[in-house]
Amino acid sequence: MMDTADPRGPIGASSGDGLDEAIFQKLRTNFRGELIRSRDDGYDAARAVFNAMIDRRPALIARCSGVADVVAAVTFARENDMNVAVRGGGHSVPGYAVVDGGIVIDLFPMKGVWVDPEARTVRAQAGLLQGELDRETQMFGLAVTGGRVSNTGIAGLTLGGGSGWLERKLGFAVDNLLSADVVTADGRFVRASEEENEDLFWGLKGGGGNFGIVTSFEYRLHPVGPIILGGMLMYPAEQARDVIRFYRDFIETAPDELGGGCAFVTAPPEPFVPDPVQGTQVLAVVVSYAGPIEEGEKAIQPLKESLPPALDMVQPIPYTALQSMIDAGNPSGMQNYWKAGFLDELPDEAIDVFVEHAMKVTSPLTSVLLLPMGGAIRRVADEATPLGLREAVFNFHAISMWADPMMDPERHIRWAKGLTEAMQPWTSERTYLNFIGDEGEERVRTAYEPEKYRKLVALKDRYDPTNMFRLNQNIKPGARSSAAPA
Ligand SMILES: Cc1cc2nc3c(=O)[nH]c(=O)nc-3n(C[C@H](O)[C@H](O)[C@H](O)COP(=O)(O)OP(=O)(O)OC[C@H]3O[C@@H](n4cnc5c(N)ncnc54)[C@H](O)[C@@H]3O)c2cc1C
């Protein structure tokens with residue numbers, strides 16, 4: 001809770017968290033939201049992030065109630081030379097939302113959302129989680145591509161690109177971004193769109209949180225649901241090779257409305273899973289059909305006829321149910337190590353290698369996704385966004401997840417690295433930065449085409465020359481980057 005009395009000791013003293021009391025009080029008089037320090041109730045909950053491997057202790061968590069708080073927090077951080085983390089939903093696997101000793105500028109309370117059903121647009125504040133945004137837009141039978149787990153933050157997700165079940169029909173989230181409000185490192189408020197600050201707008205469409213703090217996003221919406229055809233077809237893992245081969249050819253000519261992918265998972269102990277299947281590894285074909293239900297049923301018929309699933313759970317369901325269908329398999333508070341890669345092609349040999357590795361997962365919580373690209377993703381001009389690889393055929397994602405921090409983490413990490421290395425012959429140099437951990441400066445650079453990376457560095461020089469926003473998939477300012485001429 002925000003304090004009203006002053007239990008924090010005399011002005012001028014430091015309180016043990018390194019914050020000078022007088023300076024802190026100055027911020028407090030100019031801040032409407034909650035300011036949380038290490039001695040406050042709720043500190044541990046407020047610093048926890050999705051990945052339990054990350055355990056950092058910020059000096060201050062500034063929970064912003066609005067844009068003015070964001071400006072105040074940025075100004076405070078700059079004037080006091082503090083390390084900054086920006087937090088949306090706290091889902092980044094490298095834990096970029098929290099920093100040791102510095103300030104977390106936390107947008108969690110900023111949950112305003114305004115749908116314009118006539119114009120089919122929505123303005124959404126940056127503290128919203130995916131499920132919260134979907135809930136409001138679905139009231140009008142509208143949606144934008146969003147993350148596959150409902151408690152992922154829309155902010156980090158969108159700034160990294162925004163991949164979701166609807167992407168073959170609607171493109172990535174950034175392909176539907178109309179504008180964004182941003183607080184820059186020097187504390188200015190700017191709007192970025194095709195009409196204003198269009199260079200910044202371009203950079204936000206995949207350049208991550210490098211250029212400022214986005215306080216709200218405006219998206220184009222599309223008719224989706226509220227009931228759609230969705231769910232999973234489950235196959236024994238032994239059939240995975242045949243299913244993936246069929247799926248690869250089938251999805252190539254399938255309508256854009258058909259999204260989803262193939263996922264190796266351990267069947268959960270849920271009543272809808274037959275007893276003998278529970279706890280065994282299965283291949284799930286996820287189905288999401290963003291169109292009329294009967295057309296969706298026709299579209300998946302060839303798959304079901306050629307390869308009858310052991311368990312057919314595809315049915316008309318609320319779009320919001322599809323959007324939370326894999327929530328239970330992705331609980332917060334687990335240990336996580338993630339790798340990913342865009343595949344330029346998926347020949348039979350690559351499928352064999354993929355399946356062989358996927359079947360050796362080291363934890364029942366681990367899943368491996370093979371997400372089909374194509375459709376609307378491919379129709380967006382490559383230069384329209386920093387994101388590369390619109391020609392890729394699949395994006396694979398190795399989600400190594402385990403519960404016990406003491407249980408040989410290296411084994412789980414080795415497995416994810418092993419799968420990625422084995423897939424190297426078919427993997428592009430580019431990658432989807434939202435799906436990986438912190439792999440260093442060089443990895444960020446190669447995620448973008450060289451010309452785009454140069455443009456991003458120039459933007460960084462312009463909007464954040466001191467690299468205040470560095471706790472992210474970081475694009476360093478020109479003078480600091482190893483890309484800079486000696
Ligand atoms: C279970 C799970 C499922 C996922 N599913 C998908 C998926 O389907 N599709 C997909 O594309 N990604 C997915 N992701 C990845 C996810 O999009 C990224 O981890 C993303 O960074 C999460 O955003 P966040 O706001 O929750 O994270 P945070 O950890 O809060 O932030 C992530 C990064 O964005 C920056 N940032 C956050 N908010 C702002 C802001 N307002 N302004 C500027 N910078 C900001 C942070 O500083 C940080 O660098 C998933 C992640 C998890 C853990």
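This is a predicted model: local features need pLDDT of at least 70, side-chain atom pairs count only at pLDDT 80 or more; totals for chains, interfaces and linings use all residues.
**Reading a sheet and a ligand site**

Colleague: How many bridges join β5 to β6?

Modeller: In general, strands of a sheet pair through backbone hydrogen bonds, either parallel or antiparallel. Here four bridges join β5 to β6 (residues 121–125), and the two run antiparallel. Strands are DSSP runs of E with at least two residues, helices runs of H or I with at least four, numbered from the N terminus; two strands pair if DSSP finds at least two bridges between them.

Colleague: In what order do the five strands form the open sheet?

Modeller: The order is β5-β6-β10-β8-β9, with antiparallel pairing. At the edges, β5 (113–116) and β9 (189–193) each pair on one side only.

Colleague: And the ligand: which backbone atoms lie by its nitrogen atoms?

Modeller: A polar contact is a pair of N or O atoms within 3.5 Å; within protein, one must be able to donate a hydrogen and the other to accept it, and residues adjacent in sequence count only if both atoms are side-chain atoms. A backbone N or O atom of S163 is 2.6 Å from a ligand nitrogen, and one of V214 is 2.8 Å from a ligand nitrogen. A polar backbone atom of G89 lies 2.8 Å from a ligand oxygen.

Methods. Residues are numbered from 1 along each chain as its sequence is written. Side-chain values use heavy atoms; hydrogens and water are left out.
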